[in-house]
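Welcome, and thanks for taking a look at this one with me. Here are a few points to read alongside the structure.

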Amino acid sequence: MAKQSTMLKEFCDDECLNSIIEGSDGSIPLTNVKGSLLKPTCNLGDATKLNVHLVPHSHDDVGFVKTLDEYYYGSRTDLQHAGVQYILDSIVLALDENPHRRFIYVEMAFFYRWWLQQTDEIRNKVKDFVNSGRLEFISGGWCMNDEGTTHYNSIIDQHSLGLQFLNDQFGECGRPKIGWQIDPFGHSREQASLLAQMGFDGLFVGRADYQDLQKRNTTKSMEMIWKASANLGRQSWLFTGILPRRYSTPATFSFDFIAPDDPIIDDVNLPDYNVPERVQTFIETAQNESMEYATNHIIMTFGGDFQYQNALANYKNLDKLIKYVNDQQINGSNVNVFYSTPSCYLYALNKVNRSWITKTDDFFPHAHHPHGFWTGYFTSRPALKRFERYSNNILQVIRQLNTFSNSQLRNQIFSLSEAMAIAQHHDAVSGTEKQHVANDYAQRLSTGIDSALNVINTAYPKLLTKDNQSTTAEIQQFLCQLTNISECLPIENAKQFTVILWNPIIHPVVGYLRVPVTRSYTVRDSSGQTRFQLIPISNSTKTIPGRMSNATYQMIFKYNLPALGFNTYFFEANEEEEEKLEITKNEICILQNQNFRIEIDEQGNLKRIINLQKNINITFLNQGFYWYQSYSGNNSQFDFQASGAYIFRPLTQDAKPISIKRSLKCIKSELVQTAIIIFNEWISQEINLYDEGEDIEIEWTVGPVPVEDNIGKEIILRYDTDIKSQSKYYTDANGREVLQRIRNYRPTYNYTITEPVSGNYYPVNSRIWINETNRQFTILTDRSEGGASLIDGSVELMIHRRLLYDDNLGVGEALNESAFGQGLVIRGKHFLNIDLPQTSALYHRIHSQELFMSPLVTFALINSSYMNYSSLYHQTWSALSDILPSNIHLLTLDQLNEKQYLIRLEHYFELNEDEKYSYPTKIDLQSIFKSVGIIDKVLELTLDANLELSQMNRLHWLTDNDELLLQTNNSTNQHSLVDTNIILNPMQIRTFRITIV
């Protein structure tokens with residue numbers, strides 16, 4: 001043991017080291033280096049037996065049918081008997097009672113809250129459990145995030161938040177190394193890639209398509225090496241296992257009071273003595289499970305939703321079960337069962353020293369039976385999906401403002417950081433929660449945004465005020481979060497006000513902003529002038545339920561923002577009359593700028609879009625709104641599966657047009673040309689083409705969706721073109737890499753078509769396209785939506801759902817959102833582009849980032865003239881003085897303390913995507929910190945920012961093609977920089993902790 005102590009000492013703190021050395025239960029300590037799988041006291045089983053790794057766990061949803069608070073405290077037992085604080089209290093007692101017991105925990109949103117309430121005595125006890133491997137944190141994020149509707153930026157952030165907490169409290173021994181995505185409804189390739197880049201050794205998932213499982217169960221292919229990126233090679237590979245029974249306890253062995261089976265009755269004098277029967281059933285269960293897995297190690301999860309509120313009852317029976325099953329080995333049984341964890345199970349598999357099959361696609365779409373495709377949640381609760389995106393936009397901006405103003409208000413950003421992390425939960429942004437829980441998620445985001453305003457109003461005075469000026473006047477910035485419906489009440493009738501746009505991207509951005517007004521204004525930028533125009537607000541906007549504004553006009557102006565900085569636009573009321581606009585109704589409408597020509601016939605049908613620069617012409621056979629009638633089954637059997645929050649199941653496979661007739665209004669001005677197309681009283685679209693615009697904006701308004709006919713409706717916006725797409729279409733994975741989809745096809749198993757529509761829907765987090773040899777039609781979205789190409793040349797995106805039946809998957813209520821006494825109105829945007837396939841990436845890569853990280857708009861009421869204001873305040877400012885590469889994106893910039901900063905930079909082009917930008921690119925970190933200070937030290941970290949990259953060593957695996965997953969740190973220069981220049985390869989994200997002088 002002395003030699004082992006020497007081996008481990010440099011990799012563990014003393015407390016963790018001592019616990020390893022003192023392990024006395026006969027198990028085997030692991031001695032991998034720091035950053036690899038270091039979990040003490042793992043039992044690796046017996047090579048001659050079937051080793052059953054028994055894993056006690058509780059799956060604790062961070063909101064679902066109850067809110068986070070209701071789940072934590074155990075209130076609202078009328079909805080569900082679940083209280084997380086009691087689970088954690090009970091686990092401490094149970095682990096303390098028997099040193100052989102193990103438990104894993106995942107959701108830091110709950111554990112963090114519980115930890116803050118504990119005494120030092122309990123905290124020290126828990127630290128001992130962690131150091132000895134008896135309590136193991138798995139995944140370690142604030143929640144178990146959804147994979148179908150989340151964006152990679154927020155997935156990284158929510159993991160980093162939880163892992164930072166664990167690192168602060170438990171150090172290396174608390175560092176998770178296993179992903180545990182046991183409940184999300186389909187699994188994203190990007191999720192696996194991100195976990196691999198965080199240094200994880202493996203991932204276990206709970207769900208796979210029923211047809212996929214049928215093949216895997218019979219071919220012993222439930223475990224694999226997932227090649228999770230087409231660009232990053234082995235650093236994105238991740239061992240992935242599909243759990244048996246999703247994540248539940250084996251049948252008849254639930255000892256939890258929530259769903260109790262018979263306990264182990266081991267008094268032979270009692271008539272109910274059941275040890276022989278219980279043991280035999282367990283042995284048969286283990287042997288049956290082993291038929292589906294490739295080694296003599298299997299994993300058995302013992303737990304479920306909110307289980308172990310009385311952990312002593314669970315463990316008392318599990319202790320007995322383990323003892324009596326293992327006693328049968330002297331009678332010839334080959335089953336060897338013991339407490340374990342996912343880390344120990346994974347390590348045991350790794351030591352088997354065999355090759356593994358590989359996977360390169362994803363696990364979408366997911367179906368649990370022939371008519372149960374979980375593709376509805378890609379769109380469910382579209383307002384919440386958009387609000388989550390908007391909230392993240394604010395979060396990233398206030399981190400930047402806090403950094404460049406040196407305000408050191410990171411603690412005030414925590415509220416929004418936590419709300420965003422909670423919103424990533426697989427029953428949050430997914431839209432699969434009860435209505436009052438959805439309201440709670442939105443309220444948390446709103447509260448977080450309110451806290452962020454203090455950061456904004458602390459930062460801007462430091463950045464705005466000129467060095468030679470001092471002013472005691474405080475200009476309070478505020479947000480107008482309803483400008484999407486042309487409402488900003490504080491500025492109505494104001495004589496002067498300012499609009500500040502902060503550009504969070506490290507490249508200049510050009511665009512247009514619409515400000516709702518009640519009068520005419522002159523708009524000035526730092527040069528004293530800018531292009532602006534007054535245009536009327538549409539009737540579709542004015543009649544949106546709940547809109548309180550008296551504004552009847554929008555002041556539209558063009559902005560040209562500096563990289564990573566701001567411009568101020570000064571509004572001053574004038575007496576000018578409304579400009580004359582060219583307006584026609586129900587006549588042929590031609591919209592044209594320098595790049596595109598759009599042809600709309602007199603009946604409001606989009607007929608053609610032409611890329612004028614490249615002479616590319618796409619004809620539209622149809623474009624507009626359609627709806628599917630939701631299947632209204634009673635869920636009593638597969639054939640009667642209803643469409644609900646999770647499931648999309650149309651009654652028929654043909655979408656019906658919303659309306660045959662349309663009305664058209666064409667408005668042309670110098671800055672924007674618009675076609676307003678009204679389909680009926682509750683659905684419309686505006687096609688906008690801006691001067692010099694590089695895409696076509698489609699702003700759609702849907703709702704209140706009528707359900708007086710007792711028919712649920714799923715609303716799509718469909719684009720039918722003449723592109724010969726050959727059954728292929730392309731969708732993004734969590735906003736990053738793009739995967740090819742083929743209609744009615746799955747790459748890894750023979751697919752039987754049972755639902756021709758919903759079975760071809762995929763998550764569209766940011767973009768979808770179709771193409772042929774010389775033409776590509778690309779659509780960018782402003783939120784996650786479900787999308788498909790059901791016939792060649794066609795793309796459809798589901799944008800709203802109003803349903804009247806529950807799909808019997810746990811929510812217990814229909815997805816029937818309302819506001820202001822009627823169905824919820826949703827407004828959103830699509831952005832269309834037509835280009836050559838080989839040059840389309842230049843558009844969709846850059847513009848999707850600009851859309852995701854839009855300029856943050858703040859307003860302020862001003863009591864001085866433009867001249868006085870411009871003499872006191874900077875009207876433009878940039879943190880950068882250098883032009884930075886166009887293929888590099890600033891993903892994270894966060895001030896940790898006065899001298900330290902966290903920064904993530906990414907190369908956001910894929911390999912072979914663009915002839916100029918799909919190559920390794922150099923960037924100088926100092927260029928981003930010029931306004932902050934001189935960089936003194938650069939330390940490269942793993943993606944989750946909780947481990948030095950030089951200390952990351954992942955387990956090695958061999959694939960069935962004799963490829964070795966061997967990822968070590970073969971270049972010291974990658975992590976200890978001689979200077980501040982770094983190189984980023986396509987799709988690579990690099991994370992650094994920067995110390996300035």
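1. Let's begin with aromatic side chains. A search of the whole structure, which is a predicted model, turns up 57 aromatic pairs.

2. One of these pairs joins Trp 356 and Trp 957 edge-to-face, with 6.1 Å from centre to centre and 75 degrees between the planes. The two partners come from distant parts of the chain, 601 residues apart: Trp 356 belongs to strand 10 (residues 355-356) and Trp 957 to strand 45 (residues 957-959). Trp 356 has 2% relative accessibility, so it counts as buried. Trp 957, at 2%, counts as buried too.

3. Have a look at Phe 570 and Tyr 866 as well, an edge-to-face pair with centres 5.6 Å apart and planes at 75 degrees. Phe 570 is buried at 0% relative accessibility, and Tyr 866 is buried at 10%.

4. Aromatic residues also gather in a cluster, whose members include Tyr 105, Trp 114, Trp 142, Phe 170 and Phe 414.

5. Now for two helices. The axes of helix 7 (residues 152-170) and helix 8 (residues 189-197) come within 11 Å and cross at roughly 40 degrees, which means helix 7 is oblique to helix 8. The crossing is right-handed.

6. Which residues make the contact? Helix 7 brings Tyr 152, Ile 155, Ile 156 and His 159, while helix 8 brings Glu 190, Gln 191, Leu 194 and Leu 195. By class, this contact has 5 nonpolar, 2 polar and 1 charged residues.

Note on methods: Residues are numbered from 1 along each chain as its sequence is written. This is a predicted model: local features need pLDDT of at least 70, side-chain atom pairs count only at pLDDT 80 or more; totals for chains, interfaces and linings use all residues. Side-chain values use heavy atoms; hydrogens and water are left out. Axes are lines fitted to C-alpha atoms, for helices over the stretch in contact, and angles run from 0 to 180 degrees between N-to-C directions. Helices (H or I, at least four residues) and strands (E, at least two) are DSSP runs, numbered from the N terminus. Angles under 35 degrees count as roughly parallel, over 145 as roughly antiparallel, 65 to 115 as roughly perpendicular and the rest as oblique. A crossing is left-handed if the near helix is turned anticlockwise from the far one by less than a right angle, and right-handed if clockwise. Contact means heavy atoms within 4.5 Å. Ala, Val, Leu, Ile, Met, Phe, Trp, Tyr, Cys and Pro count as nonpolar, Asp, Glu, Lys and Arg as charged, and the others, Gly among them, as polar. Rings of Phe, Tyr and Trp (its six-membered ring) pair if their centres lie within 6.5 Å; planes under 30 degrees apart count as stacked, over 60 as edge-to-face and the rest as tilted. Buried means under 20% relative accessible area, exposed over 50%, partly exposed in between (1.4 Å probe, protein chains only).
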